[in-house]
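Please take me through this structure in the viewer, one selection at a time. At each stop, say what to select and what is there.

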2 protein chains.
Amino acid sequence: MTLSEENYLKAIYHISDTCEGGISTNAIAEKMNTKASSVTDMIKKLSEKGLVNYKRYKGSELTAEGKLIATNIIRKHRLWEVFLVEKLNFTWDEVHDVAEQLEHIKSEKLIDQLDEFLGFPKRDPHGDPIPDKDGNVSDNADVLLVTLDKNEKGIIVGVKDSSSSFLKYLDKQGIALGKKIKVIDKEPFDNSMKIRIKKEEFMISQQIANNICIKK
Amino acid sequence: MTLSEENYLKAIYHISDTCEGGISTNAIAEKMNTKASSVTDMIKKLSEKGLVNYKRYKGSELTAEGKLIATNIIRKHRLWEVFLVEKLNFTWDEVHDVAEQLEHIKSEKLIDQLDEFLGFPKRDPHGDPIPDKDGNVSDNADVLLVTLDKNEKGIIVGVKDSSSSFLKYLDKQGIALGKKIKVIDKEPFDNSMKIRIKKEEFMISQQIANNICIKK
DNA sequence: CTCTTTTTTTAGACAAGACTAAAAATTAAA
DNA sequence: TTTAATTTTTAGTCTTGTCTAAAAAAAGAG
Ligand SMILES: [Mn+2]
Ligand SMILES: [Mn+2]
Ligand SMILES: [Mn+2]
Ligand SMILES: [Mn+2]
């Protein structure tokens, strides 16, 4: 597995999570910040290797083997993120870029021992589940904040967007994993909402509410 | 810096340690397990970038800038080796290959925090000094075991060969860093020697004695 | 059902890094 | 000091992964 192949598999896996069916070449190109023609080339190679199913003009999807490789990389990514936050004093908005590099380190013992060293964590600093070695991912039955109605309550358990700017915004507002949240009011016009966290009330836009995961 | 460029700089740095003057193209090729023609190409590129001084047919040596990059990679390599042994239960013969990968991870904060997390170690699991951020390496005034005379004593402080097979041999013989050692007898014919460690006496060949560093 | 727009694939080119084979420079030998 | 051996460089090729431009297929509009 080259670094590039691994990144393609991971991208396809992540896209598959959101939309159903065969993944379009353009969707992959957009996620990878590359051109569709490059994607076609790589997809062909991965298809040769039996890691994706591909029919010309019909899009692609991961095989079982491809999916296992993808989840393994995601497992490594998220374990490293936990390590960086728990052991090396990184904040949750700083870890992603470094984890993008660390996820490609090849050593089974390394990742097993890291897992143990961290106490077999179940989730990464952004609330995302850490796959096990066989590729099983505990799918969260969580719900987006935007779907809560007026007066509903819940606990913040994750974020969908892990960009530094978004996470820093959350920090500034005092929005963090584990906090209790209540929807005080909802503006139908733009779907913005007034929320309460720890007795403080403030407005957030729909875009924000769209990227916060809640357990009711 | 690409991965390949970094590895070349590191190789040149390590060769410079042993022999003096300009490093020959062939020496680099041998260390990197590549061909001389590939080395010439890369040396030219590094020369363009001001990281090595190079004159056709005259060999190459690192500039101050090139040396700083090299020591920084070695710093990372050795810190990761400490991490693997101290925190993740790796043995000293298992760490090198993983550290070869980890040394290329780019994040200043990562390595600073790792250094602190490990308690600012001075040496790696093989007794090699860990360079500081400015490229200063505490050069050891240590001596090779092979140079000790009959009845001389010392403490084992390092190994020159970090190959798995050599380290496993040492483990089997009970030879480890920090142990006191005494030369009981020396065979002039083949330079093998009888040594004592913790009341146990046994023979070792010159090749072994050549790769063990001693502080008298 | 035909024409247009969008998506996807092909064809051809390029940069990085490596290799082989051959030429040039240096070093060693006679 | 000429010749022979060795070292180093050049020339040309290959693979990986990327790109642009153009062709082909699929999807949408009227
Ligand atoms: Mn991440
Ligand atoms: Mn994450
Ligand atoms: Mn090492
Ligand atoms: Mn070492």
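Start with the side chains of A:Lys109 and B:Glu94, which meet in a salt bridge, 3.0 Å from N to O. The model is predicted, and this pair is a way into the contact between its two chains. Salt bridges between chain A and chain B number two. Residue pairs in polar contact between chain A and chain B number eight, counting pairs with both residues at pLDDT 80 or more.

Next, colour the side of chain A that touches chain B. The elements of chain A that give two or more residues to this side are α4 (64–88), α5 (95–102) and α6 (108–117). By residue type, this side of chain A divides into 11 nonpolar, five polar and four charged residues.

Now select both sides of the contact. Chain A supplies 20 residues and chain B supplies 20 residues. Between them the two chains bury about 1700 Å², with 69% of that on carbon and sulfur atoms. Which residues of chain A lose the most area to chain B? Select A:Leu88, A:Gln101 and A:Lys109: together they make up 28% of what the chain A side buries.

Chain A has eight helices and eight strands. Its radius of gyration is 19 Å, close to the 17 Å that the globule rule gives for 216 residues, so chain A is as compact as a globular protein of that length.

Colour chain A by accessibility. Of its 216 residues, 43% count as buried. Among the contacts in chain A with a separation of 6 or more, 62% come from residues 24 or more positions apart.

Bring chain B back and select B:Asp124. Where in chain B does B:Asp124 lie? It is in the loop between α6 (108–117) and β3 (143–144) of chain B. Is B:Asp124 buried or exposed? Its relative accessibility is 5%, and the cut-off for buried is under 20%, so B:Asp124 counts as buried.

Finally, show what surrounds B:Asp124. Its side chain reaches the backbone nitrogen of B:His126 at 2.7 Å. Leaving aside neighbours within four places in sequence, B:Asp124 is in contact with B:Arg78, B:Glu81, B:Val82 and B:Ile130.

Key
Residues are numbered from 1 along each chain as its sequence is written. Chains are lettered from A and ligands numbered from 1 in the order in which they are written. This is a predicted model: local features need pLDDT of at least 70, side-chain atom pairs count only at pLDDT 80 or more; totals for chains, interfaces and linings use all residues. Side-chain values use heavy atoms; hydrogens and water are left out. Contact means heavy atoms within 4.5 Å. Buried area is the accessible area (1.4 Å probe) that two parts lose on being put together, summed over both. A salt bridge is a side-chain nitrogen of Lys or Arg within 4 Å of a carboxyl oxygen of Asp or Glu. A polar contact is a pair of N or O atoms within 3.5 Å; within protein, one must be able to donate a hydrogen and the other to accept it, and residues adjacent in sequence count only if both atoms are side-chain atoms. Helices (H or I, at least four residues) and strands (E, at least two) are DSSP runs, numbered from the N terminus. Ala, Val, Leu, Ile, Met, Phe, Trp, Tyr, Cys and Pro count as nonpolar, Asp, Glu, Lys and Arg as charged, and the others, Gly among them, as polar. The radius of gyration is taken over C-alpha atoms; the globule rule is 2.2 Å times the number of residues to the power 0.38. Buried means under 20% relative accessible area, exposed over 50%, partly exposed in between (1.4 Å probe, protein chains only).
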